[in-house]
Amino acid sequence: MLDSGRTEETLLEVNNIEVIYNHVILVLKGVSLSVPKGGITALLGGNGAGKTTTLKAISNLLHSERGEVTKGSIMYRGANTQGLDPAAMVKTGVIQVMEGRHCFEHLTVEENLLTGAYTRSNSADIARDLEMVYTYFPRLNERRKSQAGYTSGGEQQMVAIGRALMSRPETILLDEPSMGLAPQLVEEIFTIVKDLNEKEGATFLLAEQNTNVALRFAHYGYILESGRVVMDGPAKELRENPDVKEFYLGMSDEGRKSFRDVRSYRRRKRWLS
Amino acid sequence: MPDSLLFGTEVLLNGLMAGVLYALVALGFVLIFKASGIFNYAQGVMALFAALTLVGIMEGQVPFSHLINAAFGTDIHHFGWHVPALVAIIITMVVMVFLAWAVNHFVMRHLVNQEPIILFMATIGLAYFLEGFGDLMWGSDIKKLDVGLPQGGSFWIEENTQWLGFGNENFYGFFLDKLDLVATVIAAILVAALVIFAQYTKQGRAMRAVADDHQAALSVGISLNFIWIMVWSVAGFVALVAGIMWGAKSGVQFSLSLIALKALPVLMLGGFTSIPGAIVGGLIIGVGEKLFEFAIGPYIGGATENWFAYVLALIFLVFRPQGLFGEKIIERV
Ligand SMILES: Nc1ncnc2c1ncn2[C@@H]1O[C@H](COP(=O)(O)OP(=O)(O)OP(=O)(O)O)[C@@H](O)[C@H]1O
Ligand SMILES: [Mg+2]
């Protein structure tokens with residue numbers, strides 16, 4: 001239903017990457033995905049599936065966590081971006097909003113937003129974008145002079161997204177925006193994401209555990225499990241897929257299980273009947 | 001006006017002037033601590049090193065001359081030229097920026113994400129290394145530093161404040177040291193500049209952002225290495241200014257590095273992360289120790305200036321561990 005903004009041009013392409021932490025812990029075991037320009041692409045999966053790791057591999061933030069891409073390639077607009085540092089990545093147009101609302105607690109809301117424009121220099125453009133962010137997040141306008149550490153969880157998530165917008169990104173890697181927020185706020189934030197996508201043409205790669213909300217707002221989805229993509233497809237199809245329904249949308253009364261259990265689970269059922 | 005009030009005021013003024021210098025040295029600590037969580041034990045030695053380098057350059061000394069002479073059997077000491085103070089100060093600053101780069105490149109950037117105690121120990125190592133390196137480079141003899149700052153008491157102030165005695169014949173006007181006055185003015189300007197830098201400039205904001213959350217700072221494209229080199233350079237600059245003030249007053253020698261000890265109680269009082277805290281803390285300690293020595297010192301045998309600041313800071317720690325202005329630890333659940 002929301003396929004309006006999506007185009008066929010591929011911006012980001014992740015080809016079969018492997019990621020190892022601390023030289024020993026293999027976390028991603030061959031993940032491939034592609035992100036079309038102007039779309040909202042969802043990366044779904046439970047705790048520890050490797051969503052955050054995938055996003056950090058793309059934004060080149062793995063290094064500071066002692067992680068390393070050991071196989072595969074990551075291309076942005078057809079160019080390999082693995083050698084770039086995070087700052088160069090931001091200048092290329094890819095910025096990550098980290099999981100858990102990392103805002104700068106002792107800086108005011110407005111100072112937080114301005115740090116997002118660190119890689120830019122034209123102050124007139126920056127001032128204009130600040131106003132743009134305030135029109136999308138009117139709550140932040142009200143609290144522009146407050147210390148970010150004293151704002152609510154929802155406001156902090158807005159600060160984190162607004163700060164990323166201040167870099168004038170083409171692609172935003174949004175890591176679990178729903179984490180720890182009340183359903184109503186999750187709805188509010190996803191609506192703003194959709195707005196940004198449709199009106200500003202921003203491309204999103206969205207990592208979420210909240211499959212339900214993510215598939216309602218995204219165009220396309222990938223499901224990740226133990227470092228592998230186990231399923232992908234248009235959001236609409238995923239929403240209707242019986243396995244997704246059962247294991248990720250909580251429409252079964254047996255609780256959530258893993259896809260890997262699916263086969264044995266079915267077999268067991270057959271054997272019982 | 002009664003004698004005690006007049007002399008008390010003079011003591012107060014002297015205390016304020018000392019306090020501004022303490023605040024300056026403390027600021028050197030605060031900046032590095034804010035941006036990287038490192039308590040830089042080497043700050044005092046950096047002041048000594050800066051002053052040694054400044055004197056060496058002004059006098060046209062050949063660096064590492066002992067080493068060169070020992071290796072090649074030569075006998076060189078000086079280039080035979082003198083460098084004007086201003087030029088020498090600029091060259092010294094370049095050396096301090098290079099030092100900042102080297103500290104970051106060879107030590108600190110390898111210790112990201114380590115425990116604060118490990119970073120602290122690294123700076124202890126740095127302090128001893130730098131002390132030895134300074135000796136090796138410029139020799140260990142006591143040097144005179146003369147960058148042309150005025151010396152002696154200010155007669156102008158003395159003459160123009162005599163009327164404040166309102167006929168008191170024991171009062172000849174306030175006696176203030178010219179060097180102290182100049183140092184106060186320069187330190188005050190520098191403190192103001194540092195505050196403006198940290199609060200209102202893009203790089204200052206980035207520095208505070210790195211202090212709060214370096215992962216998030218990285219994610220918006222701030223280069224941690226750049227910010228760290230920047231704060232170590234600023235700390236080097238502060239060290240240079242402090243080194244010039246102290247060096248001009250009492251010569252360039254090892255004891256200069258002990259000015260860091262004066263900053264420690266200031267930090268305990270003002271909080272390790274607060275710029276206004278360093279300023280107010282510096283003034284309180286400067287004034288407090290001079291007034292205490294003046295009013296109570298004579299009854300308990302004097303020399304209270306050595307310990308008064310620490311006692312004051314300890315009393316403070318008991319009641320307000322984060323310091324006067326220390327950032328409240330924001331906790332949310
Ligand atoms: N810095 C690290 N060092 C070692 N292992 C790590 C590190 N970061 C993550 N891991 C491991 O990698 C795996 C994937 O983690 P990741 O954070 O990518 O999962 P996720 O899908 O984002 O999970 P969540 O939904 O809980 O955020 C986990 O098993 C985790 O323990
Ligand atoms: Mg995650």
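**Sheets, hairpins and the A–B interface**

A:Val97 has A:Leu174 of β7(A) as its bridge partner. Strand β7 of chain A covers residues 171-175, runs parallel to β6(A) and is joined to it by four bridges. The model is predicted: local features need pLDDT of at least 70, side-chain atom pairs count only at pLDDT 80 or more, and totals for chains, interfaces and linings use all residues. Residues are numbered from 1 along each chain as its sequence is written, chains are lettered from A and ligands numbered from 1 in the order in which they are written, and side-chain values use heavy atoms, with hydrogens and water left out. Helices (H or I, at least four residues) and strands (E, at least two) are DSSP runs, numbered from the N terminus. Two strands count as paired if DSSP finds at least two bridges between them.

β6(A) and β7(A) belong to an open sheet of six strands, ordered β6-β7-β8-β3-β9-β10 in chain A. Pairing in this sheet is mixed. Its edge strands are β6 (94-97) and β10 (228-234) of chain A, each of which pairs on one side only. From one strand to the next, the twist averages 15°. Angles run from 0 to 180 degrees between N-to-C directions, and axes are lines fitted to C-alpha atoms, for helices over the stretch in contact.

Two helices of chain A pack on this sheet. Helix α1 (residues 51-59) touches β3 (40-44), β6, β7, β8 (203-208) and β9 (220-225) of chain A. The direction of α1 makes about 150° with that of β7(A). Helix α6 (residues 153-165) touches β6 and β7 of chain A, and its direction makes about 170° with that of β6(A). Contact means heavy atoms within 4.5 Å.

A:Thr52 lies in helix α1 of chain A. A:Thr52 touches A:Glu99 and A:Asp175, with residues up to four places away in sequence not counted. The side chains of A:Thr52 and A:Glu99 are joined by a polar contact of 3.2 Å. A polar contact is a pair of N or O atoms within 3.5 Å; within protein, one must be able to donate a hydrogen and the other to accept it, and residues adjacent in sequence count only if both atoms are side-chain atoms. The C-alpha atoms of A:Thr52 and A:Ala207 are 7.1 Å apart, although the two residues are separated by 155 residues along the chain.

A:Glu225 has A:Arg228 of β10(A) as its bridge partner. The two strands form a hairpin with two residues between them. A:Ser226 in the turn has a positive phi of about 45°.

A second open sheet has four strands in the order β2-β1-β4-β5 (chain A), with antiparallel pairing. β2 and β5 (79-80) of chain A each have a single partner strand, so one side of each is left without a neighbour in the sheet. Strands β1 (residues 10-21) and β2 (residues 25-36) of chain A pair over nine bridges. A:Val14 stands opposite A:Leu33 in β2(A). Three residues separate β1(A) and β2(A) in their hairpin, and A:Asn22 in the turn has a positive phi of about 50°. Helix α1(A) lies across β1, β2 and β4 of chain A, running at about 115° to β1(A).

A:Glu18 stands opposite A:Lys29 in β2(A). A:Glu18 also forms a salt bridge with A:Lys71, the closest N and O atoms being 3.4 Å apart. A:Glu18 lies in β1 and A:Lys71 in β4 (residues 67-76) of chain A, so the pair ties together parts that are 53 residues apart in sequence. A salt bridge is a side-chain nitrogen of Lys or Arg within 4 Å of a carboxyl oxygen of Asp or Glu. Over all chains, the structure holds 22 salt bridges.

Between the chains, 31 residues of chain A are in contact with 25 residues of chain B. The buried area is about 2,400 Å², of which carbon and sulfur atoms give 56%. A:Phe104, A:His106 and A:Tyr118 supply 31% of the area that chain A buries against chain B, more than any other three residues. Buried area is the accessible area (1.4 Å probe) that two parts lose on being put together, summed over both.

One salt bridge crosses this interface. A:Glu111 pairs there with B:Arg208, the closest N and O atoms being 2.9 Å apart. Eight residue pairs, both members at pLDDT 80 or more, are in polar contact between chain A and chain B. The elements giving two or more residues to the side of chain A that touches chain B are α2 (86-92), β6, α3 (109-115) and α6 of chain A. By class, that side has 13 nonpolar, twelve polar and six charged residues. Ala, Val, Leu, Ile, Met, Phe, Trp, Tyr, Cys and Pro count as nonpolar, Asp, Glu, Lys and Arg as charged, and the others, Gly among them, as polar.
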